[in-house]
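Here are a few notes to read with the model open beside you. Take the points one at a time and look up each residue as you go.

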Amino acid sequence: MNKIIQQNFQVQFNYNISFTKAIFNKNNSLLAEVLTATHSNTMSKAVVVLDEGMFQHHPNLIIDLQAYFKTCCHNVALKGEPLLVAGGENIKNDWGAVENVLILLNNEKIDRHSYVLVIGGGAVIDMVGFASTIAHRGVRLIRIPTTVLSQNDSGVGVKNSINLFNKKNFLGAFQPPFAVINDSTFLTTLSDRDWRSGISEAIKVALIKDASFFYWIEDNIALLNNRNLKAMEILIFRCAELHTEHIGTSGDPFEQGSSRPLDFGHWAAHKLEYLTDYTLTHGEAVAIGIVLDSCYSHKIGYLSENDLIRILNSFKNLGFSLTHPLLFDTENGNTINSELINGLEEFREHLGGILTIMLLKAIGKGEEVHDMKTQKLNEAVYYAKTFETIEKQKA
């Protein structure tokens with residue numbers, strides 16, 4: 001006779017995403033308040049992992065954070081020297097980097113009531129988040145993202161991962177951070193390429209969820225191109241707000257189903273990143289992926305050509321490439337690369353269910369489909385290529 005014990009429980013997750021400037025200024029109490037929120041009367045410990053690329057632009061950062069802990073964080077001991085790790089996507093291909101973080105946590109006896117502060121771009125945050133998730137089944141992670149893309153998207157969610165088997169994010173875990181603190185001061189030293197790159201994720205979420213936000217981006221392209229910090233702060237806040245709203249209200253925060261609207265444009269982007277050996281940034285690949293799926297949406301009768309042109313012009317005017325040579329078949333330059341189409345199956349496998357791709361019915365309105373036709377993909381890449389060629393000739 002079969003016996004069954006049915007287990008059913010819920011776990012409430014809460015964390016704040018804060019926006020500030022000069023996080024390690026002694027007159028800014030935000031970080032100290034976060035660190036002492038649950039340790040006001042007891043001592044705790046913290047370690048720090050830094051993105052080396054970011055640190056090169058902020059050489060006084062270690063001195064500033066050490067001084068901040070001594071002055072403002074009397075109940076939290078900063079342990080050991082900050083660990084510097086290489087920035088960029090390749091850090092997610094390096095298991096040794098994960099081991100180095102784990103060694104730091106072990107050597108400094110970091111436990112579930114201690115803190116790991118990670119300061120850097122999205123790839124570093126992903127890797128350190130994964131290491132923090134598997135140590136003691138999860139230690140408290142405070143993310144301090146330093147790029148546009150990590151502040152408005154990857155750094156504010158619940159995912160942590162590294163790459164394996166030439167597949168992006170194959171190894172990972174869902175674990176919400178203890179807190180996220182966005183300091184816009186870090187954005188001032190980004191390269192123009194990294195400044196621009198993160199805007200594609202804002203366009204993505206605007207296209208599927210908020211038409212008015214897309215129109216705001218259209219209207220403020222000149223300010224964004226001129227690196228107006230106030231405009232970028234508005235963009236980051238609204239983009240982060242839309243991402244976290246979806247995670248919290250979709251009913252599937254840990255993505256157990258096959259629907260992933262926030263991955264609009266990403267099936268092709270992930271494959272392009274790999275095919276280019278990650279010489280394309282994630283944001284650049286996402287821009288091309290969004291262009292492809294927008295053109296496809298038009299070709300199957302979903303998206304009007306007027307809306308499509310607005311989307312393509314927005315990316316073009318922001319300085320994004322709309323296509324890439326590896327998007328196309330080497331023998332027939334007007335059809336899609338068969339290796340890219342393989343990315344559809346990898347995407348389905350990553351979802352763990354039926355293929356589910358977000359397309360566009362209109363600006364601000366997404367629609368999911370469960371298959372993509374190769375002929376229509378060929379028409380989509382040709383449309384994007386033709387549009388980009390004509391615009392270059394005009395210039």
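This is a predicted model: local features need pLDDT of at least 70, side-chain atom pairs count only at pLDDT 80 or more; totals for chains, interfaces and linings use all residues.

1. Is Thr146 buried or exposed? Its relative accessible area is 3%, and buried means under 20%, so Thr146 counts as buried. You will find Thr146 in the loop between strand S6 (140-145) and helix H6 (148-152).

2. Which residues does Thr146 touch? Leaving aside residues up to four places away in sequence, they are Met54, Ile119, Gly120, Gly121, Gln151, Phe186, Leu187 and Leu190.

3. Now turn to helix H4, which runs over residues 95-107 and has 13 residues. From its first C-alpha to its last, H4 reaches 18 Å, close to the 18 Å expected at 1.5 Å a residue. At the start of this helix, a side-chain oxygen of Asp94 comes to within 2.9 Å of the backbone nitrogen of Gly96.

4. Which residues of H4 are buried? They are Ala97, Val98, Val101, Leu104 and Leu105. Looking down the axis of H4, you would see these buried residues fall within an arc of 120°, so they line one face of the helix.

5. What do the buried residues of H4 pack against? Their partners are strands S2 (44-51), S4 (83-85), S5 (115-120) and S7 (159-164), together with helix H5 (122-134).

6. Arg227 lies in the loop between helix H10 (221-225) and H11. With a relative accessible area of 24%, Arg227 is partly exposed.

7. Finally, visit the second largest pocket, with a volume of about 390 Å³. Its lining has 16 residues, of which Phe13, Tyr15, Ile247, Gly248 and Pro253 lie nearest the centre. Strand S1 (17-20) and helix H11 (229-249) are the elements that give two or more residues to this lining. Which element gives the largest share? That is H11, with four residues.

Terms used. Residues are numbered from 1 along each chain as its sequence is written. Side-chain values use heavy atoms; hydrogens and water are left out. The expected span of a helix is 1.5 Å times one less than its number of residues. Buried means under 20% relative accessible area, exposed over 50%, partly exposed in between (1.4 Å probe, protein chains only). The arc is that of the directions from the helix axis to the C-beta atoms. Contact means heavy atoms within 4.5 Å. A polar contact is a pair of N or O atoms within 3.5 Å; within protein, one must be able to donate a hydrogen and the other to accept it, and residues adjacent in sequence count only if both atoms are side-chain atoms. On a 1 Å grid over the protein atoms alone, a cavity is a set of points where a 1.4 Å probe fits but cannot get out, and a pocket is an open set with protein on both sides within 12 Å along at least five of seven lines; lining residues have an atom within 4 Å of a point. Grid points are joined across faces, edges and corners, and a volume is the space filled by probe spheres set on the points.
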